Amino acid sequence: FISVNSRTVTAVFKGPFHAPSFRKVIEGMRKELEPAPSSLALVFMTSDMVPLASEILETIRVDGHCSRVIGASTWAVVCDKEELEDRSSIGVMLLQSPDAKVQSCHFENPPSPGVLPEPLTPLVQEKTELLAFLDPFTVDAVGLLKTLNKRKPCPTVSGGLASSTPLSRRT
């Protein structure tokens with residue numbers, strides 16, 4: 001959902017995780033969006049950061065004043081004009097859209113072909129924009145998007161594929 005009234009701020013944290021330094025980055029991002037809090041945070045972290053995900057996400061929620069945080073682990077982080085491969089990093093975008101209603105859903109079991117996962121059904125019935133993170137190794141992402149577009153045609157579809165190491169076949 002990126003509306004006309006949205007504001008965003010992005011940052012990339014490079015190198016080994018250091019909680020006080022990361023907190024300063026997130027606090028700085030929050031201050032750029034004040035006085036209103038962010039509506040949504042998008043987070044992409046290299047797979048070596050995943051064991052620290054609880055601390056990273058809590059810092060974004062608490063110090064970034066953002067209750068909705070979604071994201072994925074990845075092989076490389078792209079932020080601004082830089083792609084960081086084989087290097088510990090976290091890319092964060094805080095999005096502020098005061099007129100938006102942000103909802104999230106999660107499903108673990110891949111849907112049958114032509115069937116929408118139950119958590120998606122109410123979102124498709126509402127007038128809403130959707131942002132999807134799909135694991136290409138466990139979900140037929142193309143099939144799900146085709147089913148979604150039949151039920152809820154939208155004017156613009158864009159995306160990409162983010163995954164962990166190419167050989168591990170997991171995200």
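Pro35 is placed in the loop between α1 and β2, where helices (H or I, at least four residues) and strands (E, at least two) are DSSP runs numbered from the N terminus. The peptide bond that leads from Glu34 to Pro35 is cis, with omega near 15°. The structure is a predicted model, in which local features need pLDDT of at least 70 and side-chain atom pairs count only at pLDDT 80 or more, while totals for chains, interfaces and linings use all residues. Residues are numbered from 1 along each chain as its sequence is written, and side-chain values use heavy atoms, with hydrogens and water left out.

The chain contains four helices and six strands. Along the sequence these elements follow the pattern β-α-β-α-β-β-β-β-α-α. Of the 171 residues in the chain, 35% are buried; buried means under 20% relative accessible area, exposed over 50%, and partly exposed in between, with a 1.4 Å probe and protein chains only.

In soluble globular proteins, nonpolar side chains tend to be buried together. A nonpolar core is here a set of buried Ala, Val, Leu, Ile, Met, Phe, Trp, Tyr and Cys residues joined through side-chain atoms within 4.5 Å. The largest such core has 21 residues, of which Phe17, Phe22, Ile56, Ile60, Ile90, Val92 and Leu94 touch the most other members. Two or more residues each are given to this core by β1 (7-14), α1 (19-33), β2 (40-46), α2 (53-63) and β6 (89-96). The largest share, five residues, comes from α1. A second, separate core of seven residues includes Leu116, Leu120, Leu123 and Leu148.

When residues up to four places away in sequence are not counted, Leu94 touches Arg7, Thr8, Val9, Met29, Arg30, Leu33, Ser38, Leu40, Ala41, Ile60 and Gly64. Ser89 lies in strand β6 and counts as buried because its relative accessibility is 0%. With residues up to four places away again left out, Ser89 is in contact with Val12, Phe13, Lys14, Phe44, Met45, Thr46, Met49, Val77 and Leu84.

Helices α1 and α2 pack at an angle of about 35°, with their axes 9 Å apart; axes are lines fitted to C-alpha atoms, for helices over the stretch in contact, and angles run from 0 to 180 degrees between N-to-C directions. The crossing of α1 past α2 is right-handed, a term used if the near helix is turned clockwise from the far one by less than a right angle, with anticlockwise giving left-handed. Ala19, Phe22, Arg23, Ile26, Glu27 and Arg30 of α1 form the contact with Glu55, Ile56, Thr59, Ile60 and Asp63 of α2. By class, this contact has five nonpolar, one polar and five charged residues, where Ala, Val, Leu, Ile, Met, Phe, Trp, Tyr, Cys and Pro count as nonpolar, Asp, Glu, Lys and Arg as charged, and the others, Gly among them, as polar.

Within α2, the buried residues are Ala53, Ile56, Thr59, Ile60 and Asp63. Seen down the axis of α2, they fall within an arc of 140°, so they line one face of the helix; the arc is that of the directions from the helix axis to the C-beta atoms. These buried residues pack against α1, β2, β3 (69-74) and β6. Thr59, which is placed in α2, counts as buried because its relative accessibility is 5%. Beyond residues up to four places away in sequence, Thr59 touches Phe22, Arg23, Ile26 and Gly64.

Although His65 is not a glycine, its phi is positive, at about 55°. With a relative accessible area of 44%, His65 is partly exposed.

Glu126 lies in the loop between α3 (121-125) and α4 (141-151). This residue counts as partly exposed because its relative accessibility is 30%. Leaving aside neighbours within four places in sequence, Glu126 is in contact with Lys101, Gln103 and Lys152. Glu126 and Lys152 are 26 residues apart along the chain, and their C-alpha atoms are separated by 9.5 Å.

Methods: Contact means heavy atoms within 4.5 Å.
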